[in-house]
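Thanks for coming. I will take the ligand and its surroundings to begin with, and then the domains. Please have the structure open while I talk.

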Amino acid sequence: MQTEQKFIWLDGDLVAWDDATVHITTHALHYGIGFFEGIRAHGTKQGPALFRLGDHLRRLRNSAAVYGMELPFALDELARACRAVVSANGLTDCYLRPLVFLGEGPNPLAAPLRCAITASANGPLVGAAKAIGARAQISSFQRFGANALPPAAKASGQYLNSVIGQSAALRAGYDDALFLNENGLVADGWAHNIFTVYDGVLSVPPQWTGGLPGITRDSVMTLAAEDGITVAERPLVRSDLYLAEEVFLTGTAAGVKPVGSIDGRPMTAGAPGPVTARIARLYADAVTGESGAHPDWLDYV
Ligand code: PMP
């Protein structure tokens, strides 16, 4: 296949793109049993730097642990593999996708866990934030409850919930689906966390309403507070989204993504509003090392 990716890290080795295949009986294909991460590397003055690599790998370990499973490789081994896959492919600005998945075997739950890491210059949603002013729709599908599928896990099968809401949103002419939980509280976006700005206060739903513990979310909360912006972690309902002056979404691939309207109601401060624009700048300067903020967040290849 024609691709800019030459190598994929698979189960301990860098292998050629065409050789990184799985058998059709791989259980992850049938049941969605897998855990994954999306990690960005950005060009910096000291070469490509992976953003919060250790935090992403810890979340991967936690995703498996929620399902009572253990990663097949140690975190420092996976960190080395992430660096190796970037340099082997000669990439700088890129998106990495570590995937731990259940392989083949007679008994699905006793099959071995396998691990692949791909890196590409154009991952899913990379650069999506450039399409400013997303038209968001509050989905009629609910985010799953914490006692159904724990949102702390970034697990493959859990994404069917995102897919059903996002495909409905796209069919209806929107860009991004937003999810409420079974109690009507704002959870997250189909592939993003959500922030609102009202009266100068930045609000973000707490983790227990059903959102993924986003690493961009955490970075934005930290950078905003350091910049003197009041950050409130509090439950939000549908009308908080409608009345917000600004709303933005965060995610590794998309970065800070301004929302222009929700259910057809334009945000009063425009998109990007002033607070969103400020936070997008702080985030961009942190991931590229421009601001020197949090050097511990950068892991040089
Ligand atoms: N929520 C969902 C459902 C996601 O898929 C993502 C993307 N990983 C996020 C939030 C944002 O998480 P992060 O900032 O760690 O990429």
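Around the ligand there are 15 residues, and the closest of them are Leu212, Gly214, Ile215, Thr216 and Thr252. Two elements, helix 5 (215-226) and strand 14 (246-251), each give two or more residues to this shell. Helix 5 has the largest share, with three residues. Please keep in mind that what you are looking at is a predicted model.

What is the make-up of the shell around the ligand in terms of nonpolar, polar and charged residues? The polar group has 10 residues, while three residues are nonpolar and two are charged.

Now to the domains. The domain assignment of the chain gives domain 1, covering 7-120, and domain 2, covering 128-287. Between the C-alpha centres of domain 1 and domain 2 the distance is 26 Å. As for the contact, domain 1 puts in 22 residues and domain 2 puts in 13 residues.

Let me stay on the side of domain 1 that touches domain 2. Which elements supply at least two residues each there? They are helix 1 (27-31), strand 3 (34-36), strand 4 (39-44) and helix 2 (53-66). Helix 2 gives the most to that side, namely six residues. By residue type, this side of domain 1 divides into 10 nonpolar, seven polar and five charged residues.

Terms used: Residues are numbered from 1 along each chain as its sequence is written. This is a predicted model: local features need pLDDT of at least 70, side-chain atom pairs count only at pLDDT 80 or more; totals for chains, interfaces and linings use all residues. A residue is near a molecule or strand if its C-beta atom, placed from the backbone, lies within 6 Å of it. Helices (H or I, at least four residues) and strands (E, at least two) are DSSP runs, numbered from the N terminus. Ala, Val, Leu, Ile, Met, Phe, Trp, Tyr, Cys and Pro count as nonpolar, Asp, Glu, Lys and Arg as charged, and the others, Gly among them, as polar. Domain bounds come from an automatic or database domain assignment. Two residues are in contact if their C-beta atoms, placed from the backbone, lie within 7 Å.
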